[in-house]
There are 2 protein chains.
Amino acid sequence: MKSKTSQIVVLRLGHRKERDKRISTHVALVARAFGASKIIFSGEYDKSLLKSVQKVTQIWGGEFEISYEKNWKKWMQNFAGIKVHLTMYGVNFKERLSEIKKLSETKDIAIIIGSEKVPKEVYKLADYNLAIGNQPHSEVSALAIFLYELNERKIPESFQNAKLKIIPQEKGKKIMKLLNA
Amino acid sequence: MKSKTSQIVVLRLGHRKERDKRISTHVALVARAFGASKIIFSGEYDKSLLKSVQKVTQIWGGEFEISYEKNWKKWMQNFAGIKVHLTMYGVNFKERLSEIKKLSETKDIAIIIGSEKVPKEVYKLADYNLAIGNQPHSEVSALAIFLYELNERKIPESFQNAKLKIIPQEKGKKIMKLLNA
């Protein structure tokens, strides 16, 4: 039996330790901040990437998971939910959004994000190949817009067990330490 | 006399040639793809960054401008429109969005995006310090969401004088060469 609340998982393909370090970190932070529950990295194994994202979760809270998967193809084949590949070559995401939202009520969603060169099989294994516009921009922005729309344009505000919390300011910064977290 | 159509300009602060190369490129591509007409870089001068973004515009079309400005403070002081600084420490952007949209009908908008450490003066010089959620994510996603909402969730589809155009596909890639561009 499926759990009542379905999950959103992000699969980031083809990570390259040197070149993608910061972009991949931003992808992971976007996944967490916009409501995904997990990110899986493929490509080169990068312990420092995993650690830096875990550290963010320790400080800012939540249950966000991060892991590494060498065999992304097998992972995609075995994933039981809906596989959405974000690509500038795909169909406009707005044409499929309501359909996917409906499916997400009962099924988990995997959002697949490539890096420089995405293997052909990804397009075939995906249930949807969707474009956030057909212009070049960024996997970071594509993921953000898709998650934002998938979650009804709500951005999670509070995460459980956070050690730090920002108090929004008109000017300047205010950070609160949550001592009993 | 102001022109009828106001413009959106992005100011990217504190670019570091080595460390920010790719993130800054993504910021520029997001600015272009989501409807800004110009990006201005400050921080370290980076000719290759400027060139790589210009190349994208040559291929994919449009009138997107990119330039470098050493003195960002003076630039902000002299900017005649509305200055919106995106920061995780700011007020939730949704609380000010309709106000800014209204202002953007007659005034230019500058969206200011920092990198690692943003000087205090930026918060003071900005008319608005706005957060796309108060969790850490990315200047790339913050800019994308803000531009997306500012432009009524419309993503520009076609750019004039493009040499390449993508034909959206359910599976795979299709790129059209526009020979008479």
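**Sheets and interface**

In chain A, strand β2 (residues 38–43) pairs in the parallel sense with β3(A) over 4 bridges. A:Phe41 has A:Tyr68 in β3(A) as its bridge partner.

This is a predicted model, in which local features need pLDDT of at least 70 and side-chain atom pairs count only at pLDDT 80 or more, while totals for chains, interfaces and linings use all residues. Residues are numbered from 1 along each chain as its sequence is written, chains are lettered from A and ligands numbered from 1 in the order in which they are written, and side-chain values use heavy atoms, leaving out hydrogens and water.

The open sheet of chain A has 6 strands in the order β3-β2-β1-β5-β4-β6, with parallel pairing. Its edge strands are β3 (65–68) and β6 (128–131) of chain A, each of which pairs on one side only. Helix α6 (residues 139–150) of chain A lies across β1 (8–15), β4, β5 and β6 of chain A and runs at about 160° to β5(A). Such angles run from 0 to 180 degrees between N-to-C directions, with axes fitted to C-alpha atoms, for helices over the stretch in contact.

Chain B holds an open sheet of 6 strands, also parallel, in the order β3-β2-β1-β5-β4-β6. Because β3 (65–68) and β6 (128–131) of chain B each have a single partner strand, one side of each is left without a neighbour in the sheet. Strand β1 (residues 8–15) of chain B is joined to the parallel strand β5 (residues 109–113) of chain B by 5 bridges; B:Leu11 stands opposite B:Ile112 in β5(B).

How do the two chains meet? The contact (heavy atoms within 4.5 Å) takes 56 residues from chain B and 56 residues from chain A. The area buried between them is about 4700 Å², 57% of it from carbon and sulfur atoms; buried area is the accessible area (1.4 Å probe) lost on putting two parts together, summed over both. In chain B, B:Arg22, B:Tyr89 and B:Gln135 lose the most area to chain A, together 16% of what that side buries.

Between the chains there are 4 salt bridges, each a side-chain nitrogen of Lys or Arg within 4 Å of a carboxyl oxygen of Asp or Glu. B:Arg22 forms a salt bridge with A:Asp20, with the closest N and O atoms 2.6 Å apart.

How values were computed. Two strands pair if DSSP finds at least two bridges between them. Helices (H or I, at least four residues) and strands (E, at least two) are DSSP runs, numbered from the N terminus.
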